[in-house]
Amino acid sequence: MKKYLFFCLLFVMAAFSNLQAQTKNALKHPVKVLVLCTGNTCRSQMSHGFFKSYDKNIEIYSGGVQPAKAINPKAVEVMAELGIDISMNKPHDVREYLNEKWDYVITVCDNAYETCPVFQGEVKNHMHIGFDDPSHATGTPEFIDSEYHRVRDEIGARMYALYQFILTDQNNK
């Protein structure tokens with residue numbers, strides 16, 4: 001298990017370094033993205049952090065259908081390992097964003113997908129990309145730590161793939 005986590009971490013770090021070097025400011029036009037989860041403390045915040053690191057032309061926001069009071073400290077810790085600082089992020093209520101226009105609204109947990117209110121503003125693309133909630137992991141501290149890393153790495157890979165899709169889509173227009 002440790003070997004797997006080590007190689008996952010190396011892969012994500014290499015992809016992230018390569019991304020920063022090659023695709024900074026690659027979007028031609030700003031893209032507005034909203035990532036939603038239940039509490040807006042962990043998975044949506046990790047997604048927010050990854051997107052923010054990709055390109056200055058991404059306007060990234062995150063929110064929760066039942067926002068918590070503070071961001072998950074373990075999410076902050078595992079993102080910091082990749083050089084992505086989400087420590088100043090705060091949970092927001094999805095209702096703050098319902099009347100705005102969005103290029104992408106992405107739900108990253110089943111609860112947000114099932115209970116998300118109807119947006120009054122224009123949403124060009126709505127996607128559900130679900131991830132396990134590492135804050136629900138139980139067991140040894142090592143296992144819990146490995147779950148945060150696993151989910152972080154999955155989020156990083158899926159959000160990077162989505163970013164590449166957005167780049168391709170924008171370049172084909």
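These notes cover the fold, the nonpolar core and two residues within that core, Ile 106 and Met 159.

1. The model is predicted. The protein has 5 helices and 4 strands, and its elements run α-β-α-β-α-β-α-β-α from the N terminus on.

2. Of the 173 residues in the protein, 50% are buried. The exposed surface comes to about 9100 Å², with carbon and sulfur atoms supplying 55% of it. Counting contacts between residues at least 6 apart in sequence, 73% join residues at least 24 apart.

3. The largest nonpolar core holds 45 residues, and Val 33, Phe 51, Ile 106, Phe 119 and Met 159 have the most contacts inside it. At least two core residues come from each of strands S1 (31–37), S2 (58–64) and S3 (102–107), and likewise from each of helices H2 (43–54), H3 (73–80) and H5 (141–171). Helix H5 gives the most, with 8 residues.

4. Beyond its neighbours within four places in sequence, Ile 106 is in contact with Val 33, Leu 34, Val 35 and Leu 36, and also with Phe 51, Met 127, Ile 129, Met 159 and Leu 162.

5. Met 159 lies in helix H5. Its relative accessible area is 0%, so Met 159 counts as buried, the cut-off being under 20%. Leaving out residues up to four places away in sequence, Met 159 touches Ser 47, Phe 50, Phe 51, Tyr 54, Ile 106, Val 108, Ile 129 and Phe 131.

6. Met 159 and Ile 129 are 30 residues apart in sequence, and their C-alpha atoms are 9.1 Å apart in space. Ile 129 is also among the contacts of Ile 106.

Key:
Residues numbered from 1 in each chain as written. Predicted model: local features only at pLDDT ≥ 70, side-chain atom pairs only at ≥ 80, totals over all residues. Heavy atoms only, no water. Core = buried A, V, L, I, M, F, W, Y, C linked by side-chain atoms within 4.5 Å. Buried < 20%, exposed > 50% of the residue type's maximum accessible area, 1.4 Å probe, protein only. Contact = heavy atoms within 4.5 Å. Areas by Shrake-Rupley, 256 points an atom, 1.4 Å probe, with all protein chains shown as cover.
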